[in-house]
Amino acid sequence: MVKVVEDIFGIAINPFTEKAQVVRRYTISNANHLTASIIQLGASIQSISCPDAYHNVEDVVLGFNDVAGYEKNRHRHFGCMLGRVADRVANAEFIMDRRRVHVSKNLNDKHQIDGGYVGFDRVIWDLDMIRPDGVTLKHVSANGHEGYPGDLTVLVHYTMDDDNRFFMRIEARSDQTTPVNISNHCYFNLAGQRAGRRGILEHRLVIAAEHTIETNEESMPTGRFSTVNNTIYDMRVPAFIGDRLRQFEHKAVLGFDVCYAIDKDFDANIVHFVGKILHPESGRFMEIHSNQPGLRFCTANDFPNDSRDEEPIMGKDCARYFQYSGFSVQMEKFPDTVNNLDFPTAFIMPSELYFHETIYTFGVQESWKCCATPEELTELGDDIVRYH
């Protein structure tokens with residue numbers, strides 16, 4: 001049985017009205033002790049808690065207990081929505097309807113990233129409705145905001161079921177032709193949000209992709225794909241994140257920050273298996289399915305480096321977030337897809353529906369049972385059947 005509880009999370013300044021506004025939180029829970037909390041600020045996933053193989057419930061999403069934490073660390077986009085166009089727009093421009101459209105330049109005064117200066121991450125989203133199985137939030141992005149044409153109406157549906165699936169469905173319609181590429185940027189640590197780097201290094205990861213998006217020296221897509229064969233980005237066979245991160249030691253980027261091409265022949269009507277992340281120590285796993293063609297996978301490379309005595313990000317319950325304290329799985333259209341004709345299009349026509357669906361399935365893989373003797377398994381009896 002799924003239920004939704006509403007409470008007040010805090011107060012934030014609305015970037016459009018410049019007035020203080022209440023930020024509410026909506027906590028969705030099911031019969032299996034899976035809970036997810038959503039706040040109106042950025043339509044952000046503030047927490048997801050789930051049991052491990054030993055019935056210990058931990059919050060597995062990095063974030064903050066108050067609005068001030070999100071405001072202070074706004075540039076790292078903890079748990080929030082990104083848009084109207086997530087990821088990069090090269091030279092902050094694109095051709096549409098035989099005209100050149102210029103958008104705001106919030107990346108190196110040259111490019112745009114994640115929707116501009118006031119993207120969807122800064123919006124205090126309106127409550128559209130509380131559903132029996134979740135919540136729907138709404139935002140209307142005005143014509144011309146950050147340079148984008150058309151009034152764009154966006155609905156974000158967060159729902160849950162008793163099979164431990166957490167759904168994120170995004171719908172958008174515009175009154176003019178416009179690009180739309182909305183994503184969510186949530187940092188996970190299945191060992192628990194306080195487990196830090198040690199917990200992340202223990203994770204085992206599978207990503208169902210044969211290619212990544214090739215980029216230039218400015219991290220802008222070239223329009224070509226790179227094979228993952230014989231590279232550190234090949235995650236088609238389960239690999240430990242810690243083993244792979246050690247191979248970045250002498251590279252320019254000290255960790256994963258790459259967009260995988262999950263589906264080059266994009267069809268929004270098909271939901272693909274994207275990947276699976278397992279933390280063997282706790283047994284927790286998360287499977288990802290989505291109808292989006294790209295996955296930007298990052299390992300919090302730009303978080304404070306404790307080896308340089310940099311001050312940590314102070315998270316929930318006094319958690320200290322340092323480099324590699326979490327990973328993000330950002331489902332999206334390919335970066336700079338607005339300027340690459342061979343990429344799946346991000347443009348929608350007037351009244352055409354943009355639809356994004358991503359499903360996170362949480363559970364437990366009890367790998368410890370393979371090490372038990374038959375006598376020990378008999379002694380455990382029914383207790384070995386746990387959270388699924």
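Author: What follows goes from the overall fold to one strand and its partners.

Reader: What does the secondary structure of the protein chain come to?

Author: Please keep in mind that this is a predicted model. The protein chain comes to 4 helices and 30 strands. Its radius of gyration is 21 Å, close to the 21 Å that the globule rule gives for 388 residues, so the chain is as compact as a globular protein of that length.

Reader: How much of the protein chain is buried?

Author: A residue counts as buried when its relative accessible area is under 20%. By that cut-off, buried residues make up 57% of the 388 residues, while the accessible surface of the chain comes to about 16800 Å², with 48% of this belonging to carbon and sulfur atoms.

Reader: In which sense does strand E17 pair with E28, and how is E25 joined to E28?

Author: Strand E17, residues 187-188, pairs with E28 in the antiparallel sense over 2 bridges, and here Tyr187 stands opposite Ser328. Strand E25, residues 294-298, also runs antiparallel to E28 and is joined to E28 by 5 bridges, with Phe297 standing opposite Val329.

Terms used
Residues numbered from 1 in each chain as written. Predicted model: local features only at pLDDT ≥ 70, side-chain atom pairs only at ≥ 80, totals over all residues. Heavy atoms only, no water. Rg over C-alpha atoms; globule rule 2.2 N^0.38 Å. Buried < 20%, exposed > 50% of the residue type's maximum accessible area, 1.4 Å probe, protein only. Areas by Shrake-Rupley, 256 points an atom, 1.4 Å probe, with all protein chains shown as cover. Pairing = 2+ DSSP bridges.
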